[in-house]
Amino acid sequence: MENNTKSKRKVGAAFASIILAVLMLALCAVSFFVTNGAKNRDALDIASSENVSDVTAFSEDYVRQTAIFADNTFKRATSAAIAYTGKDSDLEKIATALSFETILVTDDKGKITASYPEGEAGKYLKDDKNTAPLNVVAKGIAVKKLGDPQKTDDGYSVYAAVARQDAGGAVAVKMAADEYADVCGETLAGKCGENVIIEKDGKVVSSSFADAGEKTIKELGAKENGEHFEIKLDKGKTYSAKVEKAGDYTVLTAIEKGMGGKGNPNSALIIGITAVALTVAGCALIFLTGKKEEE
């Protein structure tokens with residue numbers, strides 16, 4: 001009889017150990033899924049907040065940076081106008097010294113009278129869409145004018161014109177303007193981090209979201225109310241994403257599923273409640289099992 005009782009106790013202890021092991025595994029599973037999901041959401045919120053802050057600062061400083069870009073461009077163009085003293089001036093030397101791709105000298109009607117490289121004399125500023133806006137300087141309507149920066153294979157270039165110093169007309173120059181990529185915001189998404197798209201008036205200004213290709217925020221199915229949503233791409237990757245406003249811009253921030261950051265305090269509460277519930281359930285099962293074996 002005593003041996004039979006000991007045997008029952010051993011079976012009960014073994015059964016209790018199994019129950020505790022199962023409960024511990026369940027707790028681990030709950031902990032993993034809760035903390036992983038919380039980390040992902042928390043990381044996205046943090047990243048989005050930081051990106052919005054950076055883009056807002058850029059938006060607020062845009063006018064000043066644009067003015068600085070224009071001012072620096074005009075200073076270089078003015079140097080060319082000062083250096084040009086007439087038909088005997090060496091335009092190639094001026095262009096080399098000031099790093100200009102092109103120099104065009106015009107009369108007061110916008111007709112080109114000298115150029116570097118050669119071959120433009122006799123043409124008019126108005127004949128080329130890139131130099132046409134500069135014609136107002138040649139005609140004395142304005143003392144300086146900046147053309148629209150043009151995208152090139154290597155970066156940007158820009159035309160600028162200032163009034164001639166020696167006679168009526170203008171000195172127009174074309175120069176590389178790689179810094180314009182920073183001024184217009186083209187490099188902004190890359191500075192924010194990976195998987196960021198920045199738009200203004202529905203057009204993409206900058207993007208570091210390589211997997212999204214050339215898709216706009218709207219084409220990615222965004223909810224523009226700050227709520228989290230999923231982006232499923234053709235490459236099989238799934239992203240958690242969020243869209244927020246930043247000044248004049250709209251910012252999409254995405255994090256690949258499974259990429260987390262700091263945890264959420266609520267996850268600890270959920271895990272704690274689950275642990276207590278499982279512990280109570282385990283104790284109850286052990287008690288009932290032991291009581292049944294004693295009977």
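By the ring rule used here, the count comes to 5 aromatic pairs; rings of Phe, Tyr and Trp (its six-membered ring) pair if their centres lie within 6.5 Å, with planes under 30 degrees apart called stacked, over 60 edge-to-face and the rest tilted. This is a predicted model, so local features need pLDDT of at least 70 and side-chain atom pairs count only at pLDDT 80 or more, while totals for chains, interfaces and linings use all residues. Residues are numbered from 1 along each chain as its sequence is written, and side-chain values use heavy atoms, leaving out hydrogens and water.

**Aromatic rings**

- A pair of aromatic rings is described by the distance of the centres and the angle of the planes.
- Phe69 and Tyr180 make a tilted pair, 5.2 Å centre to centre with 45 degrees between the planes.
- Phe69 sits in helix H1 and Tyr180 in helix H4 (residues 180–183), so this pair ties together parts that are 111 residues apart in sequence.
- Both Phe69 and Tyr180 are buried, where buried means under 20% relative accessible area, exposed over 50% and partly exposed in between (1.4 Å probe, protein chains only).
- Tyr180 also pairs with Tyr156, this time edge-to-face: 5.1 Å centre to centre, with 70 degrees between the planes.
- Tyr156 belongs to strand S5 (residues 156–163) and Tyr180 to helix H4, so the pair links parts that are 24 residues apart in sequence.
- Tyr156 is buried at a relative accessible area of 10%, and Tyr180 is buried at 17%.
- Phe58, Tyr62 and Tyr249 form one aromatic cluster.

**Charges over rings**

- Lys200 lies over the face of Tyr62, at 5.2 Å from the ring centre; a charge sits over a ring if NZ of Lys or CZ of Arg is within 6 Å of the ring centre and within 35 degrees of the ring normal.
- Lys126 lies over the face of Tyr124, at 5.6 Å from the ring centre.

**Helix H2**

- Leu91, Ile94 and Ala95 are buried in helix H2 (residues 91–98).
- Looking down the H2 axis, the buried residues fall within an arc of 95 degrees, so they line one face of the helix; the arc is that of the directions from the helix axis to the C-beta atoms.
- The face of H2 turned away from that buried side carries the exposed residues Lys93, Thr96 and Ala97.
- Asp90 caps the N-terminal end of H2, with a side-chain oxygen 3.1 Å from the backbone nitrogen of Glu92.

- Most residues other than glycine have a negative phi, and most peptide bonds are trans.
- Ser99 is not a glycine, yet has a positive phi of about 60 degrees, and lies in the loop between H2 and strand S1 (100–106).
- Asp201, also not a glycine, has a positive phi of about 55 degrees.
- Asp201 is placed in the loop between strand S7 (196–200) and strand S8 (203–207), and is exposed with a relative accessible area of 71%.
- The peptide bond from Tyr116 to Pro117 is cis, with omega near -10 degrees.

**One buried serine and the whole chain**

- Ser48 lies in helix H1 (residues 2–83) and is buried, with a relative accessible area of 0%.
- Leaving aside residues up to four places away in sequence, Ser48 touches Lys242, Glu244 and Thr253, contact meaning heavy atoms within 4.5 Å.
- The chain has 6 helices and 11 strands, which are DSSP runs (helices H or I, at least four residues; strands E, at least two) numbered from the N terminus.
- Of the chain's 295 residues, 36% count as buried.

Definitions and conventions
A polar contact is a pair of N or O atoms within 3.5 Å; within protein, one must be able to donate a hydrogen and the other to accept it, and residues adjacent in sequence count only if both atoms are side-chain atoms.
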